Amino acid sequence: MKLKKYLALAVSCAVLSACGGSSGNSAAQTGSAPANNNNATASAPAGKVLRVGTNAEFAPFESLTETKEVQGFDIDVMRAMGEAGGFQVEFSHKPWDSLFPSLANSDVDALIAAITITDERKATVNFTEPYYKITQVVMVPPSKTVNSIEDLKKMSKVGVVTGNTGDFAAQKIFGATSSQIARFDSAPVMIKEVENGGVDAGISDSAVVAYYIKNNNKTDFKMLEVPDFTVENYGIAVRKDDEATLRLLNDSLKKIRENGKYAEIEAKYFAK
């Protein structure tokens, strides 16, 4: 997903050594390859609180309730990991562009926000083992027809979330500075523009688009899988020098996969 104003992102990330994946200053959000440096079981010190940053604008992975509490698949997964690993989780909802800088500045200890693991991001942060697989899709309203990349290229405006993976996919199709790309600050805003006809189509993560169509009675909208879009993996980001947190998170993720809790959460959000 989430990559959000590519040129600005590159500058910001270079300065802060980290950047998010859904906003302009997030294009350079990077992290090192998933790692687990030893086979020992990691355990959290008694009373450990892990401060976790997120951008709650990407349902069903993370969103805000009416009372401004974070919720979603990522949130439930992290809480389950806390229970399995013996640590408490303290979430903070932040703008996408501020996520990776907040990690670099030690304002938070980890990031979970449907962040795609990329080589660029792996240059400045470490990622846990992947916890969810995704691909980009094209969301098409009933008034439009898209059966291929060539059809997409003929459209006047295609919406993306700034700095998200969909943004980079669009850049590969149209060019980084193409006027055919319409960038928005969040997935809900971009999807609403597709719904209202402000753009001809939108590119975003498959689970996000499917969730929106399913839960908003938009059965006349289509979700097109494009072979040109590669499969991606989401990971939890930590600072490169924080090997202890990386081991703790990887171990906790493994535990919830083995005890069935991960499958239970996945079924809650993605069962058809």
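**Close-up views of a predicted model**

**View 1. The side chains of Lys122 and Asp119 come together in a salt bridge, 3.4 Å from N to O.** As you look at this pair, remember that the model is a predicted one. How exposed is each partner? Asp119 counts as exposed, with a relative accessibility of 63%. Lys122 is partly exposed, and its relative accessible area is 22%.

**View 2. Asp200 and Lys144 form a salt bridge between two loops.** Their side chains meet at 3.3 Å, N to O. Asp200 belongs to the loop between H6 and E10, while Lys144 sits in the loop between E7 and helix H4 (149-153), so this pair ties together parts that are 56 residues apart in sequence. Asp200 is buried, at a relative accessible area of 14%. Lys144 is partly exposed, at 30% relative accessibility.

View 3. Asp251 is buried, with 12% relative accessible area, and Lys255 is partly exposed, with 27% relative accessibility.

**View 4. Salt bridges link Arg51, Asp109 and Arg239 in a network.** For the protein, the count of salt bridges comes to ten.

**View 5. Helix H7 (residues 206-215) has buried residues that other elements cover.** Which residues of H7 are buried? They are Ser206, Ala207, Val208, Val209, Tyr212 and Ile213. The cover over them includes three strands, E7 (132-140), E10 (201-205) and E11 (222-225). Helices H6 (187-196) and H9 (261-270) are also among the elements that cover these residues. Follow the chain just past H7 and you come to Asn217, which takes a positive phi of about 55 degrees.

**View 6. Stepping back, the protein contains nine helices and 13 strands.** How much of the protein is buried? Of its 272 residues, 54% count as buried. The protein exposes about 11700 Å², and carbon and sulfur atoms supply 48% of that area.

Conventions. Residues are numbered from 1 along each chain as its sequence is written. This is a predicted model: local features need pLDDT of at least 70, side-chain atom pairs count only at pLDDT 80 or more; totals for chains, interfaces and linings use all residues. Side-chain values use heavy atoms; hydrogens and water are left out. Buried means under 20% relative accessible area, exposed over 50%, partly exposed in between (1.4 Å probe, protein chains only). Helices (H or I, at least four residues) and strands (E, at least two) are DSSP runs, numbered from the N terminus. Contact means heavy atoms within 4.5 Å. Accessible areas come from the Shrake-Rupley method with a 1.4 Å probe; for residues, only the protein chains shown count as cover. A salt bridge is a side-chain nitrogen of Lys or Arg within 4 Å of a carboxyl oxygen of Asp or Glu.
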